[in-house]
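Here is a brief report on helix packing and model confidence. Please look at the structure first.

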Amino acid sequence: MFNSLSDRLTDTFDRLRGKGKLTEADITSAMRDIRMALLEADVNFKVVKDFVARTKERCMTAEVMESLSPAQNVVKIVLDELIELLGSTESKLVLSNRIPNVIMLVGLQGSGKTTAAVKLAYLLKKQGKSPLLAACDVYRPAAADQLATLGGEIGVPVFRGDGQNPVEIARASIREAVDHMRDVVIVDTAGRLQIDEQMMQEAVDIKKAVKPDQVLMVVDAMTGQDIVNVVSTFAERTDFDGVIISKLDGDARGGGALSVREVTGKPIKFVSMGEKPDSLEVFNPERMAKRILGMGDVIGIIEKAQEMADVEQLEAAERMLREGFTMNDMLDQMRAVKKMGGMKGILGMLPGGQKALNQMGGNLDESIFERNEAMIMSMTKEEREKPSIINGQRRARIARGSGTTPADVNNLMKQWGEMNKMMGKMRSMTQQAQAGSGKKGKKGKKGKKMRMPGIPGMGGMPGMGGGNPFGAMGRGGSDMDMLRAMEQQMRNKR
């Protein structure tokens, strides 16, 4: 999503950076390019017109035109205006003290309401809530069955009711939640392929019946220009509190998603970046704007890694520092990268990463994970724990067992050797830091910044396998203490 828009804007900025001092003609030309890029991305015309006008006015000031780096100032202004367009600040879901809280989802059929309801339930469950899903779509065939199936996969109960009246089902779901100590009810309402009076009136009636704490509209990012008419109508009739943008990982231009907040004044609460239950993310305007402008979302990578860090992984990192890097560790890293969205997902969050990916035609060989995993699983327990014993005969056996070639096994062994060598350097640096801090009457040596070994197939990317892969090693204490200090350091930065 936004790939084409990101490329167009990046090219525009590159042309500006190629100039020393900018003229009025340069600014006008850049604004024309930005306007065309936004329109081609399907952003609403009025939104584009206002956006470009504000941006151009700020760019034409003497402070920008006469500065030492006018091109950088223009990029900063575009970033600021894009952040403002998307909502300025993060707008998190706020629940009341009422038990149960009620969250009502509205939107057109096919917008992704049902899957969004499940993802939201999964997110709330991770936060310690006890959600209940209410199946109020009685028109779409098997809608309740779909909700029940998806709810079962994440361990969240679904209330279907006995009748065919959506309003009564919604009202009964509140009583069900009270009876079974559920503190949040998520009401999945019916939609239509297009707006009609019956659907709107039903949404209004359900809202009156259950008095939801939050009404969230689910919007398909691939809707395009028509999204403006849809959200405007729902805003008028149901007065929703925020928006969930679904299918943001799709191939459409996505400009409609950029128009929602400007048109309705309602904040974007969440975005859905995939099909899995954990793919619903709290929307952050600044980070999204930076990704659109090709600046990446490194904080997003850190947060994903942070979510995966636990005690077992910290202990694994301590063992790696003490004993070396094994094939089991490599397998853990590869599986961690998969959970974080694969190599494409991570690369797309790095500055300039999406552009590099586009230049490759979007083709990044993710199958390296499957091949490497097959080879590692074809090794014996001893070989996985002590890869150095794998000789030529063993490599041939591993290749046969995994359906790969000896050359593939050789490449895997080379990757392991490089990562194990880096781990050895880290171990040596850690020991030096500990020795320096242990001298009485003298200042300990300042800890050096170190990274976990690179992920196979990711070049110089930091490893995501053991503990926190970012930050600096502390001074003094055990390896475990330093790794925990790294984790706390990143949490403080967040």
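## Helix pairs

α10 passes α11 in a right-handed crossing, meaning that the near helix is turned clockwise from the far one by less than a right angle. This is a predicted model: local features need pLDDT of at least 70, side-chain atom pairs count only at pLDDT 80 or more, and totals for chains, interfaces and linings use all residues. Residues are numbered from 1 along each chain as its sequence is written, and side-chain values use heavy atoms, without hydrogens and water.

On the α10 side, the contact (heavy atoms within 4.5 Å) involves Ile227, Val228, Val231 and Ser232. α11 brings Gly256, Ala257, Ser259, Val260, Val263 and Thr264.

α8 also passes α9 in a right-handed crossing. Their axes cross at roughly 25 degrees, so α8 is roughly parallel to α9 (angles under 35 degrees). Pro166, Val167, Ala170, Arg171 and Ile174 of α8 meet Glu202, Asp205, Ile206, Ala209 and Val210 of α9. By class, this contact has 7 nonpolar, no polar and 3 charged residues.

| Helices | Axes come within | Crossing angle |
|---|---|---|
| α8 (residues 166-179), α9 (residues 197-210) | 9 Å | roughly 25 degrees |
| α10 (residues 227-238), α11 (residues 255-264) | 9 Å | roughly 35 degrees |

## Annotation and confidence

An unreviewed UniProt entry lists residues 267-280 as "domain: SRP54-type proteins GTP-binding". The span is 0% helix and 43% strand, and its end C-alpha atoms lie 16 Å apart.

The chain's mean pLDDT (the predictor's confidence in each residue, from 0 to 100) is 76, and 71% of its residues reach 70 or more. Over residues 439-484 the pLDDT is below 50. Where pLDDT is low, the predicted coordinates should not be read in detail.

Definitions and conventions:
Axes are lines fitted to C-alpha atoms, for helices over the stretch in contact, and angles run from 0 to 180 degrees between N-to-C directions. Helices (H or I, at least four residues) and strands (E, at least two) are DSSP runs, numbered from the N terminus. Angles under 35 degrees count as roughly parallel, over 145 as roughly antiparallel, 65 to 115 as roughly perpendicular and the rest as oblique. Ala, Val, Leu, Ile, Met, Phe, Trp, Tyr, Cys and Pro count as nonpolar, Asp, Glu, Lys and Arg as charged, and the others, Gly among them, as polar. UniProt positions are given in the numbering used here, feature names are shortened, and annotations may be inferred rather than shown by experiment.
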